[in-house]
Amino acid sequence: MTQTIRVLAVIISFVAFAQTSAISLSAGIGQCLSDLATEELTVSYNYLQLSSKFGTTNAYPGFSSLFTKLSDDDSSKAHDLVKFLALRKAPIVRLIKKDGIEIRRESAGVLDIYQGLTEARRQNKAVWDEVVRCHGEADNAKDANVQDYLESHLLDHHIEIDKLLADLEHRVNSVQASEKKLTTFMVDEELLETYGDRRKDIFS
């Protein structure tokens, strides 16, 4: 009997999700999510800019690989979001913002690892804020499906990235000036061990 109830509960949940997914998104939510997809792709390409800078000019393979990994993650999040928009039949005029995707001059102007981490954290926060904005749009429209998607797929992801970058930022900047180069090298070695040397992924 208990097993039957569980099976019925799963079926009911699946049907409810399918029905919710079949409902078209409101224009406001659809546009917000499409803007969010642009932001995810933009920060992905800006992470690659940082990866290239620290993988060649400064020869930090660990940090370069970290930024490549973050780029891959955000690119994947953007693609998943586009699939979600298609599933929910979003009424959008364009998928990518009119201004398109660009390498921001703040990323191009980064000179050292600490600045790179600070800039990466700033850009991640911009995407995080966009997620929160879309969550608010969904709350106003009483669209729990969109809220759940944003919370489980994007919000937690960007919070974790912020924690990671903040920790690295603190470790690199909290030491005396005479120890910064050694500390940066040690952190780079840790990241290289964690992510491997992924420079060939973008330079090959």
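## The largest pocket

Helix 7 makes the greatest contribution to the lining of the largest pocket, supplying 3 residues. The model is a predicted one, in which local features need pLDDT of at least 70 and side-chain atom pairs count only at pLDDT 80 or more, whereas totals for chains, interfaces and linings use all residues. Residues are numbered from 1 along each chain as its sequence is written, and side-chain values use heavy atoms, with hydrogens and water left out.

A pocket here is an open set of points on a 1 Å grid over the protein atoms alone, where a 1.4 Å probe fits and protein lies on both sides within 12 Å along at least five of seven lines; lining residues have an atom within 4 Å of a point. The largest pocket holds about 210 Å³ of space, a volume being the space filled by probe spheres set on the points, which are joined across faces, edges and corners. Its lining consists of 11 residues, and those closest to the centre are Asp 112, Ile 113, Tyr 114, Lys 180 and Thr 184. At least two lining residues come from each of helix 5 (113–140), helix 6 (144–173) and helix 7 (180–195).

## Overall fold

The protein has 8 helices and 0 strands, so that its pattern along the sequence reads α-α-α-α-α-α-α-α; these elements are DSSP runs (helices H or I, at least four residues; strands E, at least two) numbered from the N terminus. Of the 204 residues in the protein, 39% are buried, where buried means under 20% relative accessible area, exposed over 50% and partly exposed in between (1.4 Å probe, protein chains only). Among contacts (heavy atoms within 4.5 Å) between residues at least 6 apart in sequence, 83% join residues at least 24 apart.

## Aromatic side chains

Across the whole structure there are 4 aromatic pairs, defined by ring centres of Phe, Tyr or Trp (its six-membered ring) within 6.5 Å, with planes under 30 degrees apart counted as stacked, over 60 as edge-to-face and the rest as tilted. The pair of Phe 84 and Tyr 149 is stacked, because the ring centres are 4.3 Å apart and the planes meet at 20 degrees. This pair links distant parts of the chain, since Phe 84 belongs to helix 3 (residues 61–87) and Tyr 149 to helix 6, 65 residues apart. Phe 84 and Tyr 149 are both buried.

Elsewhere, Tyr 47, Phe 54 and Phe 67 make up one aromatic cluster.

## The loop residue Lys 142

Lys 142 is placed in the loop between helix 5 and helix 6, and its phi is near 60 degrees, a positive value in a residue other than glycine. Its relative accessibility is 70%, so Lys 142 counts as exposed.

Thr 183 is part of helix 7 and is buried, because its relative accessible area is 15%. When residues up to four places away in sequence are not counted, Thr 183 touches Arg 171, Val 172 and Val 175.

Met 186 also lies in helix 7, but its relative accessibility is 47%, so Met 186 counts as partly exposed. The C-alpha atom of Met 186 is separated by 9.7 Å from that of Val 172, the two residues being 14 residues apart along the chain.
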